[in-house]
Amino acid sequence: MGAESILPSHAPVVVIGGGVMGCSTLYHLAKFGVTDAILLERNQLTSGTTWHSAAQVRALRSTQNLTDLIRYSISLYSDLEQETGQATGWINKGSLSIACNPERLVHVKRQQSLANLFGVSASSISTSEALERWPLMNGDDVLGAVWSPDDGRVSPSDLCAALVRGAKSRGARIFEDIAVTGIVTESGKIRAVETPRGTIRCDAIALCTGLWSRKAAAMAGVDVPVWPCEHFYLLTKPVDGIRGNLPTLSDHDSQLYIRDDSGGLLVGCFEPMGKPIDPDVLGEDFAFGLLDEDWEHFEPMLENALHRLPVLESAEIRMLLNGPESFTPDGSFLLGESAETRGLFLGCGMNSVGVATGGGAGMALARNIVDGHLPFDMFEADPKRYPGCWNNIRHLSARVPEVLGKHYEITFPGRQMTTARDLVKLPLHDQWLEQRAHFGQFYGYERPLYFDKTREPVLTFDKPDWFEQVGEEVRRPHEAAALFDQSSFGKIRVSGSDAETYLDRICANNMARPAGCAIYTSMLNQRGGIESDLTALRLSEDSYRLYVGTSAIKRDLAWLECHLLPHERVRFENESEDYAVIGLMGPQASAIVERVGASELNELSYFRHGETEIAGLPVRAVRLSYVGEAGWEITCRAADAVAVYRALAQQGARPAGLLAQTSMRIEKRFLAYGHELDTDINPLQVGLGFAVAWESDFIGRDALLAFKEKKSTKQVVTILFRKDSAVPLGNEPVLIDDRIVGKTTSAAFGYRVGKPVALAFVDNAVAIKGADVSIDIAGRQWRGSISTRAAFDPDAKLMRP
């Protein structure tokens, strides 16, 4: 592809890796004005994974922004030939998703509803219509299907050639056969890359190194939990009945994707449990090689394929292709700046959607480098979401085969991974085992979802197995007293003589309150978007403790550190595993603290904290509640948690899990990061103006002032469902007269109000008390009423619309 030969001594940005992600990032850097960016590829462009990709491009993803990334890819891939003169092999024949059991049918209909919400074309079709689009398919067991006409596929090598041509036409340069042997950092920032042919000084690196990303990132002191698995697809010689191109057929009940290929068939799979492979086994020279065929491993998938495609019985096999692809512990890729080293931007761990996502993800990564932030919120792909426990070969090699296997699994509510568990146990883990807890893993932390489990739950889209038990756990804090384990909160100590003035600049609320105050606040970006919402306790004149979300610990620490000015005397300490947090909530909580000798807690007013002893051990309790029942969040040393818990439990407080907490949060209309809050949402849009101190000169203030002059087009409301049998999950369209006017953001059954409840973003015009709306759940419309208040309030009990 006409690579360069003489290395520069300096480049503003060095892209490492010449697959689709690297080529797209370079193309967009040049397009956005960084015309002297360079790309280094250790072998040749497309080597590693890109060249053998099946290259399906399906638009719909789990969020609007992830979907928009792929929609951008589709637009780019169809337009590149006109811009560059290089064909990309873009074929727009749509995709067909079939359902062969009732739960899968609900799943694909939920996907159709989601597509409609995100503006993606999708429609339910009958089995006979599906057979018209795929006449070679056996449709005897097909119950229904969803047709997505805008999907397609591309030639990965041609795509990269077009991206490279576009990048070079703007001045960017590509160097093949140049391995990066070292990354130079200074004071936590990128300074240079080292190669056998010299050192290149640079301000930023885009690390797009696919299978080798974990090892490459380690050169910069960065943890990247990425590990490869073998990925299989079968290719046949030409088959009778295939003329021209067909849609991609998704038979996910059989773990298969199927399409035509050169007149024959391509049959790929995401088998229930994949095969991990160590990159060191592949070797440094692995480029355009393939792994050995493994017919024994593929045989169950072949049997599924023979059932779906009877024509395979007589088809002549060309090859069983086996190539490595990289996966992450949660199945989402990494996109953005690293937590550990500023200037190192990650675009890797693509989980077999690299070609589909590459166009949009390369654009977003380039925007991150040029603008200092991604073009829109990408919470799910933030590289800072992983705790250190995941950067472990044993854990990764256990987890990624399951991630591959869940690629096509039905995404039931409550679905959990089974491999690489118990990585981070909370201080009360053993006590919860005694209470027969059912655990969920969140970013490595094991959290009790509910208690008194009698068997493994059967997952469903209908009323869940745990419905009655969670109702019992809601009644405990509502009628008596309950204990919630909130120890997975991040706990960050901010101290020093400049701590107050520093936090007053970083946080939107007034942080100059006296010791003993608790402060709910947000950290905002320059655009006014919420980078984090947190509770801060002022411990002394020069010390605070910040309580942040489980997934936000690395992200918030990085945010705090990178905004510290050179002259500011402030220290940060991650105390997350040093302390436990136990929520004691309910009408009997007051009597319980009296009986354990901590009566001074009853003297605390709302959002005040103080020290006392429980079981003879020091604790700090703050008067606040995330569940709408009076109580305290009690912090103690992790080593003391069992004794504190036992003292409270002996006085009648019983455990309640995360599912009960979530139900109560939604009833009380408390907002959650990743649901109602993200980096694109500002406090004024979600009713958090009370937590903004306008007299302070905080980051994002100018953007909020500008927003105040405009009227927000949407707002958060509560929706109370009319029928108890509805099972909303969130991310469902809200409609009036068949017109989408919003979407649900959080949803659960509200046990205190006796009906399903959702929080939703809706158009201002319909955010009216008592307005009737419909919520599309898997193609069925459920009636509900809008409330501009919480569904439940402990004083007013039930807030009617």
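**Strands, salt bridges and a charged patch**

Val424 stands opposite Tyr445 in strand E22, where strands (E, at least two residues) and helices (H or I, at least four) are DSSP runs numbered from the N terminus. This is a predicted model, so to speak of a local feature takes a pLDDT of at least 70, and side-chain atom pairs count only at pLDDT 80 or more, while totals for chains, interfaces and linings use all residues. Residues are numbered from 1 along each chain as its sequence is written, and side-chain values use heavy atoms, with hydrogens and water left out.

Back to that facing pair: two bridges join E20 to E22 (residues 445-450), and these strands run parallel. Two strands pair if DSSP finds at least two bridges between them. The open sheet here has three strands in the order E20-E22-E21, with mixed pairing. E20 (424-425) and E21 (438-442) sit at the edges with a single partner strand each, so one side of each has no neighbour in the sheet.

Another open sheet has six strands, in the order E30-E31-E32-E29-E23-E33, and again the pairing is mixed. Its edge strands are E30 and E33 (654-655), each pairing on one side only. E30 and E31 (residues 617-623) run antiparallel and are joined by six bridges, with Ile614 opposite Leu617 in E31.

Then there is strand E37 (residues 755-763), which is mostly covered: seven of its nine residues are buried. Buried means under 20% relative accessible area, exposed means over 50%, and partly exposed is in between (1.4 Å probe, protein chains only). E37 runs antiparallel to E34 (residues 714-721), with seven bridges, and Ile719 stands opposite Ala758 in E37. E37 also runs antiparallel to E36 (residues 739-750), this time with eight bridges; here Gly742 is the one facing Val762. The hairpin of E36 and E37 has four residues between the strands, and Gly754 takes a positive phi near 75° in it.

On to the charges. Side chains of opposite charge can pair when their charged atoms come close. A search of the whole structure turns up 45 salt bridges, each a side-chain nitrogen of Lys or Arg within 4 Å of a carboxyl oxygen of Asp or Glu. One of them joins Asp68 and Arg71 (3.7 Å, N to O). Both residues belong to helix H2 (residues 64-84) and are three residues apart, about one turn of the helix.

Asp261 and Arg318 also meet in a salt bridge (3.0 Å, N to O). This pair links distant parts of the chain, 57 residues apart: Asp261 is in strand E14 (residues 256-261) and Arg318 in strand E17 (residues 317-327). Asp261 is buried, at 18% relative accessible area, whereas Arg318 is partly exposed at 43%.

Salt bridges with shared partners tie Arg436, Asp452, Glu472, Arg475, Arg476 and Arg654 into one network.

Finally, Glu594, Glu600, Glu603 and Glu613 gather in a surface patch of negative charge. A patch takes residues with over 30% relative accessible area and no salt bridge, joining like charges within 9 Å and nonpolar side chains (Val, Leu, Ile, Met, Phe, Trp, Tyr) within 5 Å. Glu600 is in the loop between helix H15 (589-595) and strand E30 (609-614), and counts as partly exposed because its relative accessibility is 35%.

Note on methods
Accessible areas come from the Shrake-Rupley method with a 1.4 Å probe; for residues, only the protein chains shown count as cover. Lys and Arg count as positive and Asp and Glu as negative; His and the chain ends are not counted. The place of a charge is taken as NZ of Lys, CZ of Arg, CG of Asp or CD of Glu.
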